[in-house]
Amino acid sequence: MPKMKTHRGAKKRIKITGSGKFVIRHSGKSHILTKKTHKRKKGLGQDYVISAGAAKKVSKLLAVSQGR
C-alpha cells in the first residue's frame, strides 16, 4: 500500500506545536468587519488549538502519526 500524501492546503494552514497539538487561525476576519464588535475581531485575530475530535481528522490530512 502506498504512503499517505499530505494535504497541501491543510499543511499551509495548520501548525503543529511541540507537544503535538494543532494550531489554526480563526475564520471570519477577512471582510464584512463593520458589523462585528472590536472585542469579537480581536478574538478572531488569535490562533487556537483545535479539539481532540478534529485533531484525528487533521492528523490524517497531514499524514502525521497518531503517537506524536
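The questions and answers below go through the sheet, the core, the charged residues and some backbone features of this predicted model.

Because the model is predicted, local features need pLDDT of at least 70 and side-chain atom pairs count only at pLDDT 80 or more, whereas totals for chains, interfaces and linings use all residues. Residues are numbered from 1 along each chain as its sequence is written, and side-chain values use heavy atoms, with hydrogens and water left out.

Q: In what order do the 3 strands form the open sheet?
A: Helices (H or I, at least four residues) and strands (E, at least two) are DSSP runs numbered from the N terminus, and two strands pair if DSSP finds at least two bridges between them. Strand β1 (residues 15-16) pairs with β2 in the antiparallel sense over 2 bridges, while 3 bridges join β2 to β3, again antiparallel. The edge strands, each pairing on one side only, are β1 and β3. The order of the open sheet is therefore, by the definition of pairing, β1-β2-β3.

Q: Which residue in the hairpin of β1 and β2 takes a positive phi?
A: Within the pairing of these strands, isoleucine 16 stands opposite phenylalanine 22 in β2. The hairpin has 5 residues between the strands, and the positive phi, near 95°, belongs to glycine 20.

Q: Which residue forms a salt bridge with aspartate 47?
A: A salt bridge is a side-chain nitrogen of Lys or Arg within 4 Å of a carboxyl oxygen of Asp or Glu, and by this rule the count comes to 1. The closest N and O atoms of the pair that includes aspartate 47 are 2.9 Å apart. The pair links distant parts of the chain, 22 residues apart, with aspartate 47 in strand β3 (residues 47-49) and its partner in strand β2. That partner, which also stands opposite aspartate 47 in the strand pairing, is arginine 25.

Q: Is arginine 25 buried or exposed?
A: Buried means under 20% relative accessible area and exposed means over 50%, with partly exposed in between (1.4 Å probe, protein chains only). Aspartate 47, at 45% relative accessibility, counts as partly exposed. Arginine 25 has a relative accessibility of 52%, so this residue counts as exposed.

Q: How far from lysine 36 is the nearest side chain of opposite charge?
A: Lysine 36 is found in the loop between β2 and α2 (38-44), and it is buried yet has no salt bridge. A polar atom of its side chain lies 2.7 Å from the backbone oxygen of glycine 28. For charge, Lys and Arg count as positive and Asp and Glu as negative, while His and the chain ends are not counted. On that basis the nearest side chain of opposite charge is aspartate 47, at a distance of 16 Å.

Q: How many residues has the largest nonpolar core?
A: A nonpolar core is a set of buried Ala, Val, Leu, Ile, Met, Phe, Trp, Tyr and Cys residues joined through side-chain atoms within 4.5 Å. In soluble globular proteins, nonpolar side chains tend to be buried together. Here the largest core consists of Ala10, Ile14, Phe22, Ile24, Ile50, Ala55, Val58 and Leu62, and β2 and α3 (52-61) each supply at least two residues of this core. The number of residues in the largest core is 8.

Q: Which residues does isoleucine 24 touch, not counting residues up to four places away in sequence?
A: Isoleucine 24 is found in strand β2 (residues 22-25) and is one of the residues of the largest nonpolar core. With contact meaning heavy atoms within 4.5 Å, isoleucine 24 touches Arg13, Ile14, Asp47, Tyr48 and Ile50.

Q: Where is isoleucine 32 placed?
A: Isoleucine 32 has a positive phi of about 55° although it is not a glycine. Its relative accessible area is 48%, so isoleucine 32 is partly exposed. Its place is in the loop between β2 and α2.

Q: Which residues does histidine 7 touch, not counting residues up to four places away in sequence?
A: Histidine 7 lies in the segment before α1 (8-13) and counts as partly exposed at 41% relative accessibility. The C-alpha atoms of histidine 7 and valine 58, 51 residues apart along the chain, are separated by 9.4 Å. The residues that histidine 7 touches are Leu61 and Leu62.

Methods. A polar contact is a pair of N or O atoms within 3.5 Å; within protein, one must be able to donate a hydrogen and the other to accept it, and residues adjacent in sequence count only if both atoms are side-chain atoms.
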